[in-house]
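Subject: A structure for you to explore

Hi there,

Here is the structure I promised to pass on to you. Have a look around it first, and then read my notes below.

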Amino acid sequence: MQNLGFLIDGGNVFGGIAVGVDALSLWFMAIICLVFVAGALYGTDYMKHYLEHSRALVLHIVSYVVCFLSMLALCVLRNALAFLVAWELMALSSFILIIFESWKKETVEAGANFFIQSHISVALLTAGFLGLAAKCGSYDFDAMSAWCHTAAGARESYPFFMLLIAGFAVKAGFVPFHTWLPRAHPAAPAHISGVMSGVIIKIGIYGILRSISLFNPDMMLTGCIILAVSAISGLYGVMLAIVQHNLKKLLAYHSIENIGIIGMGIGVGCIGAGMGSSVLAGLGFCGALLHTLNHALFKSSLFFTAGNVYHAAHTLDIEHLGGLVKKLPATAAFFLIAAVAICGLPPMNGFVSELLIYMGLFDWMGSASATTAVGAAFAILALVMIGGLAILCFTKAFGIVFLGSARSELPEMKEFGLLRTLPLGVMAMVMLSIGLFPQFYLRMVSDACLAVFPGASVAELPIGMGKVSIAAIALVVLILILLGVKKLVNSKRTIASGPTWGCGYTAATPRIQYTATSFVKTYADMFTGLLGFHKEYKPVEGIYPQERGSWESENYDRIETGLIERPLGVYRRLMDRFSFLQNGHLQMYILYGIICIVVTILLTFIFV
């Protein structure tokens with residue numbers, strides 16, 4: 001595709017602002033439009049529950065539009081100052097969207113966490129862009145790119161490039177920059193969670209890919225760093241997701257997992273570019289870009305269905321749910337479809353993009369030296385473990401939430417209307433179409449891949465997408481045949497229904513079913529040291545106990561504890577030592593002002 005570019009007048013502040021559209025921009029703009037439109041449709045019905053908060057609702061709608069437009073602007077702007085302004089607009093509007101339910105303390109805390117970490121991202125991006133602008137004398141991306149491709153620029157630009165990558169990584173949610181995600185998703189309305197996971201974190205991926213395409217980094221070194229960080233992110237995200245009790249928090253950690261998978265594709269693509277292998281670069285970058293679309297589809301679907309569960313059951317605590325397939329059959333079906341997709345199982349879309357990344361890793365291992373082949377093998381192992389653990393997690397999530405019987409008393413509920421099911425149905429159809437006809441989508445994504453690295457090629461794949469398509473279609477046909485045979489056989493039988501046999505136990509209650517905790521207890525015991533748990537145990541005491549026993553466990557994120565909570569605790573204790581200064585006496589505050597003025601005058605005489 002031919003690039004389209006032009007200048008717009010930015011006044012005295014910005015000067016001429018370069019605007020450009022290429023295949024990479026269009027790919028991300030298409031994903032943004034798809035998810036935002038689906039979120040708007042779903043949110044129209046979802047927000048009917050909050051009509052009494054009319055002012056907050058108006059601000060929410062305005063912020064939604066501003067966030068959408070600012071993200072589209074980020075995809076086309078080619079001026080660093082204008083890009084940072086659009087980035088700030090996106091951060092502020094996202095913050096307002098997250099704290100819609102500002103009357104809840106935990107929502108405000110999550111929003112503050114997001115706001116602070118978003119501005120860490122802004123600070124890193126500002127430092128990187130200002131450093132590059134100081135070196136090349138311009139804020140225009142093309143001028144920066146031209147300087148980076150000189151001999152001096154290639155040597156001096158890498159620290160600024162890494163600042164940009166770190167800034168974009170905060171927004172994308174790579175470990176250890178992920179800690180805002182598990183807090184923000186449960187706090188935000190369901191359609192905002194879908195948009196956040198579907199596209200807002202993906203703008204960080206866009207920034208990384210755009211930086212790679214413009215600023216001439218050491219591709220081999222960059223690829224190895226991104227691949228290692230991404231593998232850790234994917235594993236850490238899915239390992240923590242398995243032990244979550246809050247459904248939206250579980251999905252939030254899976255966003256970190258899938259960002260890790262996308263990052264692994266980017267890392268493989270960079271390594272291929274560094275090796276001069278067009279096939280390896282094509283497999284990596286195409287796998288990453290296609291998984292970006294795939295994740296936007298199935299993760300927004302999962303958050304929308306989680307919103308249905310919340311409004312129907314008034315809770316997201318998995319321990320209190322169960323049996324919802326009988327009351328919300330469409331929601332359960334769409335959740336199951338998206339769960340199959342996120343686990344990378346055929347014939348859904350997640351299988352295709354992960355297959356491309358697998359092929360890239362195997363291609364790299366086959367052509368690498370003995371040392372790098374070990375790294376490729378570990379990356380393959382990490383991707384295999386991510387897929388296996390994702391299946392465990394969503395078996396637990398679907399089984400505990402939708403199957404069995406409710407583990408607590410739930411309100412009366414019924415399936416939701418067209419505005420909620422239409423977006424889910426459309427996205428399910430798109431997900432299935434990618435799984436059944438991957439060659440069509442691979443042709444679309446190859447143009448965006450060429451915008452990242454012009455030498456990339458997917459013309460010669462180790463496994464042709466046509467064969468994948470035939471296998472996927474055959475699998476669907478086989479499933480339909482088996483379902484048809486089952487229906488035909490059962491139509492001639494009288495099927496009696498009754499309570500599940502309780503193995504002779506006549507006082508069975510839903511409380512003896514598997515809980516979310518017991519379902520993964522073996523796994524949790526195996527990784528207790530890595531994951532971290534707070535446990536409270538109250539034993540039954542005495543021959544005639546007066547109080548009931550109890551056992552509770554809650555998972556915590558060790559990285560969040562080490563990087564955020566402990567430093568904040570030290571800071572609070574330090575500030576508490578100066579609390580005597582805020583004593584409520586007006587005379588003391590006037591004295592502080594006089595002291596400040598006197599010190600300022602003295603310093604002026606000393607240094608001027």
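Let's begin with a pair of charged side chains: Asp22 and Arg210 form a salt bridge, with N and O 2.9 Å apart. Please keep in mind that this is a predicted model.

Another one joins Lys521 to Asp525, at 2.8 Å from N to O. Both of these residues are in helix H22 (residues 521-526), 4 residues apart, which is about one turn of the helix. Here is a handy bit of background: an α-helix has 3.6 residues a turn, so residues three or four places apart point the same way. Lys521 is partly exposed, with a relative accessible area of 46%, and Asp525 is partly exposed too, at 43%. Salt bridges with shared partners also link Asp22, Arg78 and Arg210 into one network.

Asp45 and Lys48 make a further salt bridge, and their closest N and O atoms are 3.7 Å apart. In this pair, Asp45 is buried, with a relative accessible area of 17%, whereas Lys48 is partly exposed at 47% relative accessibility.

Now for the inside of the protein. In soluble globular proteins, nonpolar side chains tend to be buried together. The largest nonpolar core in this model has 166 residues, and Phe129, Ile266 and Phe394 are the ones that touch the most other members. Which helix gives the most to this core? Helix H14 (residues 278-313) does, with 19 residues. Another core lies apart from it and has 17 residues, including Leu235, Val268, Ile357 and Ala379.

Two packed helices are described by the angle between their axes and the distance between the axes. For H5 (residues 105-136) and H6 (residues 141-148), the axes come within 9 Å and cross at roughly 70 degrees. The two helices are therefore roughly perpendicular to each other.

Helix H10 (residues 190-200) is worth a look too, as 11 of its 11 residues are buried. Among them are His191, Ser193 and Gly198.

Last stop: Gly532, in the loop between helix H23 (528-531) and strand S3 (533-538). With 0% relative accessibility, Gly532 counts as buried. Which residues does Gly532 contact, leaving aside its neighbours within four places in sequence? They are Glu554, Asn555, Tyr556 and Arg558. Gly532 and Glu554 are 22 residues apart in sequence, and their C-alpha atoms are 8.6 Å apart in space.

Enjoy exploring!

Best wishes

Technical notes. Residues numbered from 1 in each chain as written. Predicted model: local features only at pLDDT ≥ 70, side-chain atom pairs only at ≥ 80, totals over all residues. Heavy atoms only, no water. Core = buried A, V, L, I, M, F, W, Y, C linked by side-chain atoms within 4.5 Å. Buried < 20%, exposed > 50% of the residue type's maximum accessible area, 1.4 Å probe, protein only. Salt bridge = Lys/Arg side-chain N within 4 Å of Asp/Glu carboxyl O. Axes fitted to C-alpha atoms, helices over the stretch in contact; angles between N-to-C directions. Parallel < 35°, antiparallel > 145°, perpendicular 65-115°, else oblique. Contact = heavy atoms within 4.5 Å.
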